[in-house]
Amino acid sequence: MAWKKNTAPLHEVPTISEGGGIRYLHFGTEWVQGAMWVSKPAELVLEYTAQMMAWLLFLAPPRQQAIGMLGLGAGSLARFCLKHTTSTLRVVEWNPLVTSACELYFKLPRPNRMLIEHLDAGAWVADAHNRESCEVLMVDLYDGEAAGPVRDSLEFYQQCHSVLGEVGVVTINLFGAHASFEKNIRRLSEAFGGRLLSLPQIDAGNQVVLAFKGPPIEIAIEQLLARAEVVESQYGLPARKWVRSMQGRTKDGILIV
């Protein structure tokens, strides 16, 4: 999540708080940039971070291509993917102080299969060397002000599309009640040919959107619920709840995206 606008300091300094067995990452404000159960560091604390893994309903963890993450936060998704997958992880984090905080306070391991690059996410997705490098891309780019994503142009989303291989899914953390939401949905829809699914907005205001690349998906909701049961059993994620939220998008019991 550690990104900043051009008017902000070069690198925001992470601050740490703790309560109820949970450790939180901030940037000197009340906004939570990430969280970790101190005794269970690989489990996901925040509901929206679990939703960022909703791509598992449609894809198995990649074997050839990578899982990409734009924004490290407190390392929650990185730790989860390192525990539950054997995939290569490519993490893009602007602020090296965030990476240091994750290693010092958030038990982030650094195995060989995880590469952390300290770059602007916009520059990373624009780099031709990263085209078709990921089957999954998780985008969570907020600064300390948390005033909407800091990279959200149409060009940025088009370049996220190009980072995916022939088939892939992007999950994006947005604020459903924020003025930036409709703008982001329009741009994502244009970049991904209208192939979007939105998960329910959570109490904190986060709303995760999935964007798809590849052949059209037509799947019976019963089949998707069966897949959700596997995801729940294998990963401990509330996947059936996600699928039930998609039933309004079905036609004759078929989800088309």
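Visitor: Which residue stands opposite Leu-210 in β10?
Guide: Strands of a sheet pair through backbone hydrogen bonds, in either a parallel or an antiparallel way. Here, Thr-171 is the residue that faces Leu-210 of β10. Please keep in mind that this is a predicted model, where local features need pLDDT of at least 70 and side-chain atom pairs count only at pLDDT 80 or more, while totals for chains, interfaces and linings use all residues. Residues are numbered from 1 along each chain as its sequence is written, and side-chain values use heavy atoms, leaving out hydrogens and water.

Visitor: In which sense do β8 and β10 pair?
Guide: Two strands pair if DSSP finds at least two bridges between them. Strand β8 and strand β10, which covers residues 206–213, share eight bridges in the antiparallel sense. (Strands are DSSP runs of E with at least two residues, helices are runs of H or I with at least four, and both are numbered from the N terminus.)

Visitor: And in which sense do β7 and β8 pair?
Guide: Strand β7, residues 134–139, joins β8 in the parallel sense, over five bridges.

Visitor: What is the order of strands in the open sheet of three?
Guide: The order is β1-β2-β3, and the pairing is antiparallel. Strands β1 and β3 (34–37) are the edges, as each of them pairs on one side only. Between β1 and strand β2, residues 22–26, there are five bridges. As an example, Thr-15 has His-26 of β2 as its bridge partner. Strand β1 spans residues 15–19 and includes Ile-16. With a relative accessible area of 35%, Ile-16 is partly exposed.

Visitor: How many salt bridges are found in the whole structure?
Guide: A salt bridge is a side-chain nitrogen of Lys or Arg within 4 Å of a carboxyl oxygen of Asp or Glu. The whole structure has nine salt bridges. In one of them, Lys-241 meets Glu-47, with the closest N and O atoms 3.1 Å apart. Lys-241 sits in helix α8 (residues 239–245) and Glu-47 in helix α1 (residues 47–51), so this pair ties together parts 194 residues apart in sequence. Both partners are partly exposed: Lys-241 has a relative accessibility of 43%, and Glu-47 has 38%.

Visitor: Which side chain meets Asp-120 in a salt bridge?
Guide: Arg-151 does, at 2.6 Å from N to O. The two come from distant parts of the chain, 31 residues apart: Asp-120 is in the loop between β6 (114–117) and α4 (121–126), and Arg-151 is in the loop between β7 and α5 (154–163). Asp-120 counts as buried, at 18% relative accessibility.

Visitor: Which residues do salt bridges with shared partners join into one network?
Guide: Let's build up to that. Lys-183 and Asp-152 form a salt bridge of 3.3 Å, N to O. Lys-183 belongs to helix α6 (residues 180–191) and Asp-152 to the loop between β7 and α5, so the pair ties together parts 31 residues apart in sequence. Lys-183 is partly exposed at 26% relative accessible area, whereas Asp-152, at 12%, is buried. The network joins Asp-152, Lys-183 and Arg-187.

Note on methods: Buried < 20%, exposed > 50% of the residue type's maximum accessible area, 1.4 Å probe, protein only.
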